[in-house]
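Have a look around, then read on.

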Amino acid sequence: MTTPATSSTASEKLTRKDFVAPGDVRWCPGCGDYAILNALQRTLPELGVPRENFVVISGIGCSSRFPYYLNTYGFHTIHGRGPAVATGVKVANPDLSVWLVTGDGDGLSIGGNHLLHLLRRNVNVNVLLFNNRIYGLTKGQYSPTSPLGTRTGTTPMGSIDPPIDPVLFSLGAKVGFIARTVDNNPNHMIETFKAAHRHQGVAFIEILQNCVIFNNGTWDNVYSKENRDDHLLFLKKGQPLLLGRNNNKGIVLHGVHPRVVPVGENGVPVEDVMTHQPDHESPLFVRMLALMGPPGLPLPIGILRQRSRPTYESQVTAQIEAARKQNGNGSWNELLCGPASWTVE
Ligand code: SF4
């Protein structure tokens with residue numbers, strides 16, 4: 001467990017420095033984790049939350065060293081079990097701002113079962129899933145998000161199991177806030193983190209992250225300087241789905257399939273381009289976005305889905321209050337020795 005050096009109040013002006021923990025940061029030089037850490041350290045002081053009300057929880061992996069590097073309360077838990085601890089922390093004290101940091105291996109393989117239940121229960125926790133499509137800490141084995149055919153020490157002839165799509169996984173768990181961002185765009189990360197904090201309910205953010213040692217360039221086909229204009233689709237609520245250096249391309253529906261077409265003088269009018277509706281009642285719209293990506297289609301970046309439903313902790317609290325109202329406070333003695341107990345002879 002990690003603890004902040006000093007406490008603060010909601011009215012006290014915090015800065016990035018207040019969230020920088022003493023001690024060295026130990027990731028490989030050039031790792032995408034540095035940029036994500038910096039973005040979160042810049043986000044937290046702007047949320048109007050006293051520093052001692054932040055808790056950062058992780059499992060195991062390179063990304064899971066986050067609690068050491070943020071000057072907040074934190075738990076570096078065990079393999080894949082961050083979601084269980086995060087659920088307990090949030091239910092026990094709903095006033096806390098809880099951030100769960102995990103990776104593709106920790107979150108979708110080792111702890112896939114645990115993450116699934118945090119998501120479907122709608123615990124008001126912000127989940128940051130760093131997706132570098134490899135196990136970094138254990139030196140480069142293929143992960144549940146590695147593309148088919150990935151050659152590693154454990155898949156010398158190429159992986160043969162199809163990868164999990166984190167966004168589709170979260171959609172299957174009916175998550176209300178689903179977003180995707182990239183480790184080479186700090187402002188986009190910060191805006192996405194702030195939106196996740198504002199959302200009441202679980203917020204799931206996939207962050208495309210580069211592991212410079214074991215999977216360098218895994219996202220270059222979408223987010224390198226040369227590719228990003230044509231291969232990233234930045235989502236803005238109520239705005240047309242446009243891309244290209246001058247927004248000269250857009251997404252239209254052909255039957256049930258999205259297509260990229262030219263927009264403007266030599267193409268379709270912008271009014272014909274689909275509009276981004278993250279709050280659409282039907283999950284079909286976000287499912288269409290989630291299935292988009294190369295080759296042939298750009299990868300959507302931003303908030304894919306944003307809809308509210310009651311949080312897990314608010315319902316637990318309401319049930320406890322209702323039971324108290326009906327039956328009084330009760331006592332441990334009565335629970336352990338009352339009519340519901342029995343004697344084994
Ligand atoms: Fe980052 Fe990869 Fe090094 Fe881990 S192994 S710290 S993910 S570059």
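## Starting in helix H1

Thr43 is found in helix H1; helices (H or I, at least four residues) and strands (E, at least two) are DSSP runs, numbered from the N terminus. Before going on, note that this is a predicted model, where local features need pLDDT of at least 70 and side-chain atom pairs count only at pLDDT 80 or more, while totals for chains, interfaces and linings use all residues. Residues are numbered from 1 along each chain as its sequence is written, and side-chain values use heavy atoms, with hydrogens and water left out.

Is Thr43 buried or exposed? With a relative accessible area of 0%, Thr43 is buried (buried means under 20% relative accessible area, exposed over 50%, partly exposed in between, with a 1.4 Å probe and protein chains only). Leaving out residues up to four places away in sequence, Thr43 touches Ile190, Phe193 and Lys194, where contact means heavy atoms within 4.5 Å. Pro294 is another story: 251 residues along the chain from Thr43, with 30 Å between the two C-alpha atoms.

Gln41 counts as buried because its relative accessibility is 3%. Not counting residues up to four places away in sequence, Gln41 touches Arg16, Phe19, Val20, Tyr69 and Leu70.

Beyond four places in sequence, Ala35 touches Asp183 and Met189. Ala35 and Asn185 sit 150 residues apart in sequence, yet 8.5 Å apart in space, C-alpha to C-alpha.

## One side of H3

Now for helix H3 (residues 82–92), where Gly82, Pro83, Ala86, Thr87, Val89 and Lys90 are buried. Why are they on the same side of H3? Because they cover an arc of only 165° around the axis, the arc being that of the directions from the helix axis to the C-beta atoms. An α-helix has 3.6 residues a turn, so residues three or four places apart point the same way.

What do the buried residues of H3 pack against? Their partners are strands E1 (54–58), E2 (73–76) and E3 (97–103), plus helices H5 (112–121) and H11 (312–327).

## The nonpolar cores

The largest nonpolar core has 39 residues, and Leu115, Leu118, Leu119, Val125, Val127, Leu241 and Leu289 touch the most other members. A nonpolar core is a set of buried Ala, Val, Leu, Ile, Met, Phe, Trp, Tyr and Cys residues joined through side-chain atoms within 4.5 Å. Elements giving two or more residues to this core include E1, H3, E3 and H5. The most comes from H10, with 5 residues. A second, separate core of 30 residues includes Leu14, Ile36, Leu37 and Tyr69.

Setting aside neighbours within four places in sequence, the contacts of Val127 include Leu100, Thr102, Leu115 and Phe204.

## Around the ligand

Which residues are around the ligand? Among them are Trp27, Cys28, Cys31, Cys62, Asn132 and Phe214, each with a heavy atom within 4 Å of the ligand.

## The whole chain

Stepping back, the protein chain has 12 helices and 11 strands. Of its 345 residues, 47% count as buried. Its C-alpha trace spans about 80 × 50 × 45 Å along the principal axes. Among contacts with a separation of 6 or more, 66% are between residues 24 or more positions apart.
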